[in-house]
Amino acid sequence: MNFDTNTLLIVVGALVALLILFALLKGRKNSADGVAPAGEEGRAITDEGAAAARDVAGEILGVDCNLDIPAADGPPDNLQTMKGVGPKLASQLNEAGITRFDQLAGLSSAELGMLDAKMGAFQGRLERDRVQEQARFLARGDRDGYQAIFGKLGGGA
């Protein structure tokens, strides 16, 4: 069999990639299905691969592709006040670092998209239920404006 230089480079590259993948899998403490161990959400190999791809894409495009939620400034708000936000979605927002209306209201559309991608079964709800728009009214204390558009406040407001 006659190998040219390109074929040889491809074969060597594939072998190196397989060795790296094997080393990563062997060094992991989680199961072979790529699921993160309890208490280490976001640490599965697939999550790390996605984060690495975002970082590389961000470097190529010259933008920051990581979701950086600003720290909450004050006590947490009752996120369930917003229409479409129940206990489970509120809990997921809290786990992502969102505890206040002003944090949600201040996200850029790209950041909101990245946050939405982390919402699992609730993906798409932030946009569909106009959660950021609701948060903007509530962050500035405009309950009358909120109720004019979205109706009565929910969740024990």
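Biologist: Which residues in H7 meet Gly145, Tyr146, Ile149 and Phe150 in H8?

Modeller: The model is a predicted one. H7 covers residues 131-139 and H8 covers residues 143-150. An α-helix has 3.6 residues a turn, so residues three or four places apart point the same way. On the H7 side, the residues that meet those of H8 are Glu133, Gln134, Phe137 and Leu138.

Biologist: How do the residues of the contact of H7 with H8 divide into nonpolar, polar and charged?

Modeller: The contact brings Glu133, Gln134, Phe137 and Leu138 of H7 against Gly145, Tyr146, Ile149 and Phe150 of H8. With Gly counted as polar and Tyr as nonpolar, the residues of this contact divide into five nonpolar, two polar and one charged.

Biologist: Are H7 and H8 roughly parallel or roughly antiparallel to each other?

Modeller: Two packed helices are described by the angle between their axes and the distance between the axes. For H7 and H8 the angle is about 150 degrees, and the axes lie 7 Å apart. Angles over 145 degrees count as roughly antiparallel. The two helices are therefore roughly antiparallel.

Biologist: Is the crossing of H7 and H8 left-handed or right-handed?

Modeller: H7 and H8 pack with their axes 7 Å apart. In passing H8, H7 makes a crossing that is left-handed.

Biologist: What covers the buried residues of H7?

Modeller: The buried residues of H7 are Val131, Gln132, Gln134, Ala135, Phe137 and Leu138. Of these, Gln134, Phe137 and Leu138 also take part in the contact with H8. The cover includes H4, H5, helix H6 (125-128) and H8.

Biologist: How many of the 157 residues of the protein, as a percentage, count as buried?

Modeller: The protein has eight helices and zero strands. It exposes about 10400 Å², of which carbon and sulfur atoms supply 57%. Among contacts between residues at least 6 apart in sequence, 49% join residues at least 24 apart. The share of residues that count as buried is 26%.

Technical notes:
Residues are numbered from 1 along each chain as its sequence is written. This is a predicted model: local features need pLDDT of at least 70, side-chain atom pairs count only at pLDDT 80 or more; totals for chains, interfaces and linings use all residues. Side-chain values use heavy atoms; hydrogens and water are left out. Axes are lines fitted to C-alpha atoms, for helices over the stretch in contact, and angles run from 0 to 180 degrees between N-to-C directions. Helices (H or I, at least four residues) and strands (E, at least two) are DSSP runs, numbered from the N terminus. Angles under 35 degrees count as roughly parallel, over 145 as roughly antiparallel, 65 to 115 as roughly perpendicular and the rest as oblique. A crossing is left-handed if the near helix is turned anticlockwise from the far one by less than a right angle, and right-handed if clockwise. Contact means heavy atoms within 4.5 Å. Buried means under 20% relative accessible area, exposed over 50%, partly exposed in between (1.4 Å probe, protein chains only). Accessible areas come from the Shrake-Rupley method with a 1.4 Å probe; for residues, only the protein chains shown count as cover.
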